[in-house]
Amino acid sequence: MAAPGSRSCSLSGLLPAQTSLEYALLDAVTPQEKDSLVYQYLQKVDGWEQDLSVPEFPEGLQWLNTEGPISVYKDLCGKVVVLDFFTYCCINCIHLLPDLHTLEHTYSDKDGLLVVGVHSAKFPNEKVLDSIKSAVLRYNITHPVVNDADASLWQDLEVSCWPTLVILGPRGNMLFSLMGEGHKDKLFLYTSIALKYYKDRGQIREKTIGIKLYKDSLPPSPLLFPGKVIVDHVTNRLVIADTGHHRILVVWKNGQIQYSIGGPNPGRKDGTFSESTFNSPQGVAIMNNVIYVADTENHLIRKIDLEAEIVSTVAGIGIQGTDKEGGAKGEQQPISSPWDVVLGTSGSEIQRNDILWIAMAGTHQIWALLLDSGKLPKKNELKKGTCLRFAGSGNEENRNNAYPHKAGFAQPSGLSLASEEPWSCLFVADSESSTVRTVSLKDGAVKHLIGGERDPMMLFLFGDVDGVGISAKLQHPLGVTWDKKRSLLYVADSYNHKIKVVDPKTKNCLTLAGTGDASNVISSSFTESTFNEPGGLCIGENGRLLYVADTNNHQIKVMDLETKTISVLPVIRSENSVVDGPVLPDKQKTLPKLPKSAPSISLSPVTASPGQTLQFKLRLDLPSGTKLTEGVPSCWFLTAEGNEWLFQGQISSGEIESIFNQPTISVQIPGDCLSLEATVSIRVFLYYCSADSSACMMKGILFSQPLQITDTQQSCIAPVELKYVF
């Protein structure tokens, strides 16, 4: 419940005053003017007759990074609090985390500031605490996080998008809200002036909150979220991207570590092995004692010289780039979230590994870094060190095209090269379209191999289906590797927790290993063994072994393709390593709650007889300039309180994959009716983004259809249109 004496707790109560402030800030020239305007705003808001107060956290919620549950009006009293409403898969939420990290390094609990993450899941699987634990560990979140699984606080405040920040004063009084990413300057301005304002009034308290970091309770382990693995075919060494430890490991095939480069903390520094640092490295490639690394969160390509024991930067400037063309010298060319790399040959007459192909996930493209002077298909001679786009328009699409620059990818995350005829292509694990694609090394043509959907704008058609070509379904694949010996492609089907094998000649895709359960069972049988979001894989021992980076199990698994056995590579432990906790079983999925602001529409009663089928056609329009959120399924649910018999054996929920092709929902009246009257409720949840994808939103609506059931045979019932314009 909200604090006594408070008024309506909706964020809309802040809107008039904060809008006036933000217009005034546009005209302010100096930092002093901006500080003064925010200070005057706080005087106004703080002087309201009644506080606009946030409600208390509901009892029984699960907390992470704390010694116990936190109370707004006990533990947070005397603090300026930033509530971060987030969900761990939302890319906009992930982009916001560095701003919060910086804020927490600038102002501590002792200064009067505390950040609290309020995890409000987009869909049921994100409500599982174990999934949130992995995200807290992966993204190094060190402030308290509460699992508001039913989005109670979200609905009480009428939050409308991910991410949303709400800044509270020391009485739990709401001061500011910020929606979407990209508001770092405002976040720091509002927070710093709020701390000064309440400190001037003696309302900031020095008491600390009991923090108990989740990662500190975990046992040590040699690997943490390993993303990719590659084999040096000359020496049979493995190179492992130990992503969670921000380091690169070079190990012998018996698991003994030869080199550990970087880690355990993130950083961005070139130099000797003992002083160099990385930030969540992913893809690795090795040739002649030189390792190339996709240093993902540093937005860099790094080079590791094993003979000189030196790390250097060969592409990127260390901050996220937006350039979708490239063409500059590598270390002067901004790039964005490189996720995988593979060595290949340019169009020069001499066959040599003189090109580094890059899966540029941040701009949805395939890039190339020239390691020597050479040619790309349909390009003039390029100078050594040039870094440029090879394929992909930069639009997030599942678009195949004979012209590489007109093709579209959706977060490409895995690469493998088949240079021999008749293949002569790059294989691409295109994660957000849930496809595997090919890029011709001769002319750059981009073609479909398996998964996905023919509609290039459709990024929602994923699943777990063995089949041929487009009938095969994957879910967020992150890795591919080419088996030259057998002419087969292996795929890390990450979110299905499986390893699949594809014959590119027939486009037939089959499950090779994994049950589909996210766990860590090692069985004598491939199909009985399990994985947990495998992210990368590679072929070794002349095609006999398949090494798998089993990311969320924090292991490298070794699959013997001849004996069909699986084992774990025994990597030597490091005292600085940590590991995630045991996998917990998924909780039963529950029906999401509609926001308090969701409209409720009562439809005219319909008379039907047993055996007849009712059809409801969704006709919903989004606000202008918005689109359905990619990767987050909008959905519908049927309920009939007290009359659940209506849906026995029928489909009572489904997804809305396209706003232009909305589903028709069918309900057949059972032959044996337990009541002559009932009300069918159709709950619809739409997840959508602004055109520039800077903020994600959710809208809900409830349609209520009264039913009167009669034994008298009725004429054909016209479909009921469920129309609404948001």
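**View 1. Strands β3 and β4 pair in the parallel sense.** Three bridges join β3 (residues 113–119) to β4 (residues 145–147). Helices (H or I, at least four residues) and strands (E, at least two) are DSSP runs numbered from the N terminus, and two strands pair if DSSP finds at least two bridges between them. Gly 117 has Val 145 in β4 as its bridge partner. This is a predicted model in which local features need pLDDT of at least 70 and side-chain atom pairs count only at pLDDT 80 or more, while totals for chains, interfaces and linings use all residues. Residues are numbered from 1 along each chain as its sequence is written, and side-chain values use heavy atoms, with hydrogens and water left out.

**View 2. An open sheet holds six strands.** The strand order is β1-β4-β3-β2-β6-β7, with mixed pairing. β1 (62–64) and β7 (174–179) are the edge strands, and each pairs on one side only. On average, neighbouring strands of this sheet are turned by 20 degrees against each other, direction ignored; axes are lines fitted to C-alpha atoms, for helices over the stretch in contact, and angles run from 0 to 180 degrees between N-to-C directions.

**View 3. Helix α6 covers residues 184–200.** From first C-alpha to last, the 17 residues of α6 reach 24 Å, close to the 24 Å expected at 1.5 Å a residue; the expected span is 1.5 Å times one less than the number of residues. Among the buried residues of α6 are Leu 187, Phe 188, Tyr 190, Ile 193 and Tyr 197. Buried means under 20% relative accessible area, exposed over 50%, and partly exposed in between (1.4 Å probe, protein chains only). Just after α6, Gly 202 takes a positive phi of about 70 degrees.

**View 4. Strand β30 (residues 508–513) pairs with β26 in the antiparallel sense.** Two bridges join β30 to β26 (residues 467–468), and Asn 508 in β30 is the bridge partner of Val 468. Strand β29 (residues 498–503) also runs antiparallel to β30, over five bridges. Asp 503 stands opposite Asn 508 in β30. Four residues lie between the strands in the hairpin of β29 and β30, where Lys 507 takes a positive phi near 65 degrees.

**View 5. The chain has domain 1 (11–215), domain 2 (373–513) and domain 3 (600–725) in its domain assignment.** These bounds come from an automatic or database domain assignment. The C-alpha centres of domain 1 and domain 3 lie 36 Å apart. Of the 726 residues in the chain, 56% are buried.
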